Amino acid sequence: MKMLDKLREMLLGKTPLTAENTPPHSSSVAARVDEIPPFSLPTADLMRFDPQVRIGLGARNGMLLQGKVNFTAERPEVQVWLQRQWQRLWSQHGHQLIKAKLYGYLPLEVMYEETDAKGTIEVASLRDQHPRSVNLLTADGRVVGFETKTAAKDKPVKVLAPKALVCTFDAEFGNPYGCSLLERAYPAWFEKWTDGGAKKALRLRMMKDAYIGDILWYPAGRTIHYADGREVSWRQVAKEILDHRMTGSAMTLPMMFDDQGRKLVDYTPPQEVKGGTQIFAWKQDVDHEIWKALEMPPEVIEASTSGSGYSGRWIPLTIALGAVQAEFNELLACVDRDILRPIAQWNFGNVKYDVQPASFVELFSEMN
């Protein structure tokens with residue numbers, strides 16, 4: 001009984017569970033290692049600020065948050081409890097759970113509370129931890145928690161399920177850290193933002209069209225005498241004229257000729273440079289590559305040029321829904337493994353139940 005009381009204190013209090021096994025972090029390597037630096041978690045944080053990445057993730061999350069789950073259990077009270085726990089987690093903390101795909105994994109500390117006189121324990125809230133601050137813990141080939149450092153303690157704190165929830169994305173072949181969805185979009189994002197990439201080339205092209213390319217002819221070695229007695233070289237005057245040109249102001253030049261009738265002061269405006277359309281098309285192609293890497297085909301996000309709704313775009317939508325279904329199923333499996341099953345055993349004893357995620361294809365078929 002003392003052991004049960006101690007476990008109960010750990011679940012409801014602030015004392016963390018402990019574990020022994022701390023596996024090393026498996027570093028990710030970009031697909032194009034010969035061209036771009038390896039992908040890292042700080043890179044994932046940078047990529048989140050790209051508008052195209054945010055739109056792709058927003059479209060994906062909008063579908064994902066529509067997910068539904070059905071529980072079946074031999075005891076009605078167990079089924080009602082399970083459904084209530086999932087509904088609370090998904091409605092109040094779904095915005096946290098769906099961030100697992102940004103890094104490949106997401107550790108969260110689970111807070112519990114007693115809800116009735118029987119001492120039934122339910123989930124109260126989740127506290128997410130940044131993946132860079134933790135190491136995952138495994139035992140017998142499965143994730144059991146995480147190890148993190150706190151500001152108040154020098155030694156690492158180990159937190160085990162069910163006090164710890166570790167959500168993963170695309171975790172396969174025994175890799176507990178999963179695979180970041182952003183890593184798939186990393187090559188296209190790098191091509192967009194790096195030196196010599198689409199954004200820098202586009203910026204240089206716009207600078208070329210706006211400012212660069214003017215030619216101002218002025219008489220070398222000559223000066224201008226102002227009425228106040230000042231003497232200024234034509235070189236300085238030419239520089240001031242071009243500075244004003246960059247502000248968009250009008251230009252006034254004196255009509256001066258030499259003894260042979262040739263102009264001493266002349267201006268040649270910037271000449272058009274071909275290829276501007278190709279640069280814009282390049283950036284658009286890179287943006288579309290980002291969406292595709294996020295498993296959101298452009299046809300799903302962009303408005304159709306003809307028809308309405310998803311008319312003629314069902315196949316691209318099905319591709320996106322298949323990816324969202326896989327992500328939802330993995331999140332559900334993590335929550336079931338770390339929270340629902342152990343707490344159901346605690347509250348109701350040796351219970352058996354089944355969990356079935358709803359089909360996103362069927363759900364969106366009914367909506368459209």
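Helix α11 bends by about 50° at D336, the bend being the angle between axes fitted to the seven residues ending there and the seven starting there. The model is predicted: local features need pLDDT of at least 70, side-chain atom pairs count only at pLDDT 80 or more, and totals for chains, interfaces and linings use all residues. Residues are numbered from 1 along each chain as its sequence is written, and side-chain values use heavy atoms, with hydrogens and water left out. Helices (H or I, at least four residues) and strands (E, at least two) are DSSP runs, numbered from the N terminus.

- A straight helix of 35 residues would span 51 Å at 1.5 Å a residue, but α11 spans only 44 Å between its end C-alpha atoms. The expected span is 1.5 Å times one less than the number of residues.
- Helix α4 has a kink of about 55°, centred on S91.
- Its ends lie 27 Å apart between C-alpha atoms, whereas a straight helix of 22 residues would span 32 Å.
- Buried residues of α4 include W81, W86, W90 and H93. Buried means under 20% relative accessible area, exposed over 50%, partly exposed in between (1.4 Å probe, protein chains only).

**The sheet and its helices**

- Three strands form an open sheet in the order β3-β2-β7, with antiparallel pairing. Two strands pair if DSSP finds at least two bridges between them.
- β3 and β7 are at the edges with a single partner strand each, so one side of each has no neighbour in the sheet.
- Neighbouring strands are turned by 35° against each other on average, direction ignored. Axes are lines fitted to C-alpha atoms, for helices over the stretch in contact, and angles run from 0 to 180 degrees between N-to-C directions.
- β2 and β3 run antiparallel and are joined by seven bridges. Y112 stands opposite V123 in β3.
- α4 packs on the sheet, touching β2, β3 and β7, and its direction makes about 10° with that of β3.
- α11 also packs on the sheet, touching β2, β3 and β7, at about 155° to the direction of β7.

**Nonpolar cores**

- The largest nonpolar core has 45 residues, and M63, L165 and I339 have the most contacts inside it. Such a core is a set of buried Ala, Val, Leu, Ile, Met, Phe, Trp, Tyr and Cys residues joined through side-chain atoms within 4.5 Å.
- α11 gives the largest share of this core, 14 residues.
- Beyond its neighbours within four places in sequence, M63 is in contact (heavy atoms within 4.5 Å) with residues including M296, L317, V324 and F364.
- A second, separate core of 31 residues includes F39, L136, L181 and V286.
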